[in-house]
Amino acid sequence: MSKWSQVGWAAALAFWACVGPAAGGDSAAAEQMERVRRSMPDVPLEMEASIRVLDAHGKARKTVRAAAALTPQAGGRTARYALLDAFGGILEEMTVALGDGPAAFSYARGDPPQAAPLPDLFAPVAGTDVCWMELSFSFFWWPDPKIVGTEKVANRWDCQVIEIACPAEYADGWSHVRLWVAPAYDAVVRGEAWRDGQAIKRFEVKSVKKLRQIYMIGDMEVKNLETGTRSRLKVGKMKMVSPDYTPEELEELNAPVEW
């Protein structure tokens, strides 16, 4: 398996601009998205992260601390994302179960977290440009993807552009997403969210973080194309928590390399 085949997370040009999402799906696109899902980490992971709100010059104006825990399950994974205060206390927590069917979201607030009504999954979180839908990457599981073009990204990756209509239950958020998928690595390196015939948000992977043979996003930028503002999701400390490893093996495996 290629080292890039473990890239699990990732993130567009008006060249393919259209008035709405592509109708239906195709088998080649469905098979490609299945490979993307299979390439996601298959061991339990815990991560520290931050979301930085940037000004027009790239200077951080606000930083939100975050944490995530990923647990593999048959056909998918369960992910828990937490937004933290300055002392590490939990402000908000979202748990997302991703498998063969639609994503199942559950939300809590406070420390310890208490169940609360589900917020708008497309609304910015904590004053950033990032929403829960982007943090969860649950659109990797949406049905009926369709290949709508090809493009070379960053003079590096030959990508298929895959379009997926937003399921009916999310119709008030986006109309569809477009994902730039590098088949050589089964990785999404760029994406766009569309509404009312135009792209409204763009996310793009800027760096990759390696934990032995596990590859994750190191740095991803999310830009609001309507306002011009942007935020950067940066993954910090990352460690495996699998009980199948001895403490000595975990110590060796939890020595990350960033590149």
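Predicted model: local features only at pLDDT ≥ 70, side-chain atom pairs only at ≥ 80, totals over all residues.
Visitor: How many salt bridges does the structure count?
Guide: Side chains of opposite charge can pair when their charged atoms come close. The rule applied here requires a side-chain nitrogen of Lys or Arg within 4 Å of a carboxyl oxygen of Asp or Glu. By this rule, the number of salt bridges is 15.

Visitor: Which parts of the chain does the salt bridge between Asp186 and Arg35 tie together, and how far apart are they in sequence?
Guide: The two side chains meet at 3.5 Å, N to O. Asp186 belongs to the loop between β9 (176-182) and β10 (187-195), whereas Arg35 belongs to helix α1 (residues 27-38), so the pair joins parts whose separation in sequence is 151 residues.

Visitor: Is Arg35 buried, exposed or partly exposed?
Guide: Buried means under 20% relative accessible area, and exposed means over 50%. Arg35 has a relative accessibility of 30%, so the class of Arg35 is partly exposed.

Visitor: In which elements do Lys201 and Glu134 lie?
Guide: The side chains of Lys201 and Glu134 form a salt bridge of 3.0 Å, N to O. This pair ties together parts that are 67 residues apart in sequence, because Lys201 lies in strand β11 (residues 198-211) and Glu134 in helix α2 (residues 132-136). Both Lys201 and Glu134 are buried. The elements asked for are thus strand β11 for Lys201 and helix α2 for Glu134.

Visitor: Over the face of which residue does Arg178 lie?
Guide: Arg178 also takes part in a salt bridge with Glu163, at 2.5 Å from N to O. That bridge links strand β9, which holds Arg178, to strand β8 (residues 157-165), which holds Glu163. Arg178 and Glu163 are both buried. At 4.4 Å from the ring centre, Arg178 lies over the face of Trp194.

Visitor: What is the geometry of the aromatic pair of Phe137 and Phe203?
Guide: The structure holds 11 aromatic pairs. In the pair of Phe137 and Phe203, the ring centres are 6.2 Å apart and the planes stand at 90°. Phe137 lies in the loop between α2 and β7 (146-153) and Phe203 in strand β11, so the pair connects parts 66 residues apart in sequence. Planes over 60 degrees apart count as edge-to-face, and the geometry of this pair is edge-to-face.

Visitor: Which residues form one aromatic cluster?
Guide: Phe139 and Trp142 form another edge-to-face pair, at 6.0 Å centre to centre and 70° between the planes. Phe139 is buried at 1% relative accessibility, and Trp142 is buried at 6%. The cluster consists of Phe122, Phe137, Phe139, Phe140, Trp142, Tyr170, Trp174 and Phe203.

Visitor: Which element gives the most to the lining of the second largest pocket?
Guide: This pocket has a volume of about 230 Å³. Of its 15 lining residues, Glu46, Met47, Glu48, Ala67 and Ala68 are the closest to its centre. Elements that give two or more residues are β1 (45-54), β2 (60-73), β3 (76-84), β4 (90-98) and β13 (230-240). With 4 residues, the element that gives the most is β3.

How values were computed: Residues numbered from 1 in each chain as written. Heavy atoms only, no water. Buried < 20%, exposed > 50% of the residue type's maximum accessible area, 1.4 Å probe, protein only. Phe/Tyr/Trp six-rings, centres within 6.5 Å; stacked < 30°, edge-to-face > 60°. Lys NZ or Arg CZ within 6 Å of the ring centre and 35° of its normal. 1 Å grid on protein atoms, 1.4 Å probe; cavity = no way out; pocket = protein on both sides within 12 Å on 5 of 7 lines; lining within 4 Å. Points joined across faces, edges and corners; volume = space filled by probe spheres on them.
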